[in-house]
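This briefing sets out selected structural features of one protein chain. The topics are grouped below for quick reference.

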Amino acid sequence: MELPRTRTPRRRDVLASVAAVTTVMAVIGVINVLSSNGSGTGITTPEPTPEPIAMRMVGFGHAVIAVPKAWGTNASRCGIPRRDTVLIDDPAAESYCDLPRPPDVDSVELGTSPPSGYEVDETFTVNGVPAERRRTACGTDDVCWGAVGLPSLHVWFRASSSTSAGEVDQILARISILPDRVGVPSVRLLDESRSGTAYAKHLQELGLKTEFRTRTSVVYKPGRVVSVSPPSGTLLSPGETVVLTVIK
């Protein structure tokens, strides 16, 4: 009796089988990628890096603080900030109206004397200059504030926020001393006479030059400073000129 012959696989059948297995494995690989990445691309996209906030410096003398460039200057009503702002010789602060502060508004005010309610809770140094700190506290109106004073330089920084107490601390952490820069000082350093001669002397002691211009007035006495250019808080290099407008 003759046994049946065993069929030998043809080459094309073997190749077809290999191709089929390869296709199945490729499909499985795609499925694994989809399940691990959660998308159809199979590519993990890195998280975008946040853009750094552009800053500007303002100050009196060599004491300065960095604030975002997007902040306004004296953007207030009756001394109450209406948006993020730095307050420097704010003319609106002279008037009073019972306005609530909007939510999520941060500000810092530059002064030549301690702000109202200021108490020294701790002392430290800023770039070697003695400093004092009023710790941040929040009121019943949800506005938080704290302050740093540099008594030897006659400069105080009062930061306030309706965002959080942490925001106040971040603002005050940006105070520094710049020996090679000079912030145009406030005329509030002067007594009630606001003498142009006394202010010019103070500017010269800081290393700045002065130029006088005059105007007439039926309200103020002769010699009184009525404006300075560039305005208070602007940082200059030693030797630059500040223009004083005084009553003739």
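Is glycine 146 buried or exposed? Glycine 146 is buried, since its relative accessible area is 0%, and buried here means under 20%. The model is predicted. Its chain holds 3 helices and 17 strands.

**Chain overview**

- Of the 248 residues in the chain, 35% are buried.
- The chain has an accessible surface of about 15300 Å², and carbon and sulfur atoms account for 55% of this surface.
- Considering contacts between residues at least 6 apart in sequence, 52% join residues at least 24 apart.

**Surroundings of glycine 146**

- Glycine 146 lies in strand 10, which spans residues 144-150.
- Beyond its neighbours within four places in sequence, glycine 146 is in contact with Arg133, Arg134, Arg135, Thr136, Phe157, Arg158, Ala159, Val168 and Leu172.

**Nonpolar cores**

- The largest nonpolar core has 24 residues. Those touching the most other members are Ile65, Val108, Leu110, Leu150, Phe157, Leu172 and Ile175.
- With neighbours within four places in sequence left aside, the contacts of isoleucine 65 are Arg56, Met57, Val58, Val108, Leu110, Phe157, Ile171, Arg174 and Ile175.

- An open sheet with mixed pairing is formed by 3 strands in the order 14-17-15.
- Strand 14 (209-215) and strand 15 (225-229) each have a single partner strand and stand at the edges, so one side of each lacks a neighbour in the sheet.
- On average, and with direction ignored, neighbouring strands of this sheet are turned by 25° against each other.
- The pairing between strand 14 and strand 17 (residues 241-247) is parallel and runs over 7 bridges.
- Lysine 209 is positioned opposite threonine 241, a residue of strand 17.
- Helix 3 (residues 196-205) packs on the sheet and touches strand 14, strand 15 and strand 17. The direction of helix 3 makes about 170° with that of strand 17.

Methods: Residues numbered from 1 in each chain as written. Predicted model: local features only at pLDDT ≥ 70, side-chain atom pairs only at ≥ 80, totals over all residues. Heavy atoms only, no water. Pairing = 2+ DSSP bridges. Helix = DSSP H or I, 4+ residues; strand = E, 2+ residues; numbered from the N terminus. Axes fitted to C-alpha atoms, helices over the stretch in contact; angles between N-to-C directions. Contact = heavy atoms within 4.5 Å. Core = buried A, V, L, I, M, F, W, Y, C linked by side-chain atoms within 4.5 Å. Buried < 20%, exposed > 50% of the residue type's maximum accessible area, 1.4 Å probe, protein only. Areas by Shrake-Rupley, 256 points an atom, 1.4 Å probe, with all protein chains shown as cover.
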